[in-house]
Amino acid sequence: MDFRFSPEEEAFRQEVAALLEREVPAEYRRKRMTFFDMSAQHDWIQVHRYIAERLGEKGWLSLHWPEEYGGRGLSPFYRLILREELARYHSPGYDSIGCGIVAPAILLKGSEEQKNQYLPGIAAGKVMWCETLSEPNHGSDLAAAEVFAKEETDCFVVNGQKIWTTNGHFADWNALIARTDRAANPNYRGLTFFLLDMKTPGITVNPIVNMAGHHEFNEVFFEDVRIPKENIVGGLNKGFYVVMSLLDYERTTDTVYAIAGTYINDLAEYARQNNLFTPVLENKLAQLRADCEVSRLLHYRVAWMQSKGMVPNYESAMSKLYSFELHQRVSEFGMDLAGQYSQLVEGSPRVPMFGRIPSCYLRSFGYSLEQGTSEIDRDVIAQRGLGLPRLR
């Protein structure tokens, strides 16, 4: 099997690298921060929006969309190449929710009016999105969502609370799942998927600061928020099916394996500069590097399936689960490698790697929960991939 990219794809990679070489602030590359670390940077959103618009001008945020909706009809491998280069340059600029979740939802389930209204802003990198799926007390049980949207003559009126909303404090628009039928049986048949302008009156966004001290997540409250009926995607009470199809995309849009790869390289460089290399350390680094290659190939398999018009399912769960747990192992390795110094944070005179080691470690715990918990991923793999029976 030939894993090499085509000459056109290699040329695209060089073009992306050249743009990022020019546009990504030197401070971001010097500190070699990950996407998640960057949420602690005071100018993160300004840099994100600036890079996003540069990518949008090139048409790189809609590479694999159909041409009639502003895309170039290219294979998903072009998106992977873009994401890998963004990780290599430690650059923000890719709205993984807008480009990776909302745009596919609209392309798959949206009306022609919705495609014409919402896709251009995502493709141009000028409209940032968040998603409000999770709720307090329900964990990953999306079907149990209680935020209620009451139907009126020309709109739905939403009340309730969502939680763990990534970038909700920056987003222009929101992909919202809300209950529109309390009597539905089973309960997942009473959910509807809405597109909501975050400037709509009645929305309150409160910050949630994670263990690493970064403001990435939020809780969002809705009080009599009015959403026009034309903002429903996929039909009334059909929202669960929209989200289920989207989760397969969400699990394939991350490039955590690429971020982990850059981190492994930087940890190896730290070990070399501090004369820490031993045979045991070399073996650990080699194993992590091999794991990173496995993760990369799992993602490539999913991209290949998408390029053939196939819908990855348990394959997406495999790639997401493996890459997230890989990053956790790399983060733990970083803590062991730096020893006592791993506890120092940025600002301390002897802190290694600008405090990136404890930041990555503390942030890595969330990987077991986000985009569906690791337990759900294992259930998907067991039932749909291995054909095992349900346990509950």
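Me: Contact means heavy atoms within 4.5 Å. Which residues of helix 1 meet helix 4?

Reply: This is a predicted model, in which local features need pLDDT of at least 70, side-chain atom pairs count only at pLDDT 80 or more, and totals for chains, interfaces and linings use all residues. Residues are numbered from 1 along each chain as its sequence is written, and side-chain values use heavy atoms, with hydrogens and water left out. Helices (H or I, at least four residues) and strands (E, at least two) are DSSP runs numbered from the N terminus. In helix 1, the residues that meet helix 4 are Glu8, Glu9, Phe12, Arg13, Val16, Ala17 and Leu20. Their partners in helix 4 are Phe77, Tyr78, Ile81, Leu82, Glu84, Glu85, Leu86 and Arg88. By class, this contact of helix 1 with helix 4 holds nine nonpolar, no polar and six charged residues. Here Ala, Val, Leu, Ile, Met, Phe, Trp, Tyr, Cys and Pro count as nonpolar, Asp, Glu, Lys and Arg as charged, and the others, Gly among them, as polar.

Me: At what angle do the axes of helix 1 and helix 4 cross?

Reply: Axes are lines fitted to C-alpha atoms, for helices over the stretch in contact, and angles run from 0 to 180 degrees between N-to-C directions. The axes of helix 1 (residues 7-23) and helix 4 (residues 76-88) cross at roughly 35° and come within 10 Å.

Me: What angle do helix 4 and helix 8 make?

Reply: Helix 4 packs on helix 8 at about 30°, with the axes 9 Å apart. Helix 4 is therefore roughly parallel to helix 8, given that angles under 35 degrees count as roughly parallel, over 145 as roughly antiparallel, 65 to 115 as roughly perpendicular and the rest as oblique. Their crossing is right-handed. Leu80, Glu84, Ala87 and Arg88 of helix 4 meet Tyr257, Ala258, Ile259 and Thr262 of helix 8. These divide into five nonpolar, one polar and two charged residues.

Me: Are helix 8 and helix 9 roughly parallel or antiparallel to each other?

Reply: They are roughly antiparallel. Their packing angle is about 165°, and the axes of helix 8 and helix 9 (residues 279-307) are 9 Å apart. Helix 8 passes helix 9 in a left-handed crossing. Among the contacting residues are Tyr257, Ala260 and Gly261 of helix 8 and Leu281, Leu285 and Cys292 of helix 9. The contact of helix 8 with helix 9 comprises 10 nonpolar, four polar and two charged residues.

Me: How many disulfides does the structure hold?

Reply: A disulfide is a pair of cysteine sulfur atoms within 2.5 Å, and the structure holds zero.

Me: Is Cys360 buried or exposed?

Reply: Buried means under 20% relative accessible area, exposed over 50%, and partly exposed in between (1.4 Å probe, protein chains only). At 4%, Cys360 is buried. In helix 11 (residues 356-364), seven of the nine residues are buried, including Arg356, Ile357 and Cys360. The cover over the buried residues of helix 11 includes helix 2 (26-31), strand 7 (215-228), helix 8 (256-273) and helix 10 (314-338).

Me: Which residues does Ala103 touch?

Reply: Ala103, in helix 5 (residues 96-109), is buried at 0%. Not counting residues up to four places away in sequence, Ala103 touches Trp65, Gly98, Leu119 and Ile122.

How values were computed. A crossing is left-handed if the near helix is turned anticlockwise from the far one by less than a right angle, and right-handed if clockwise.
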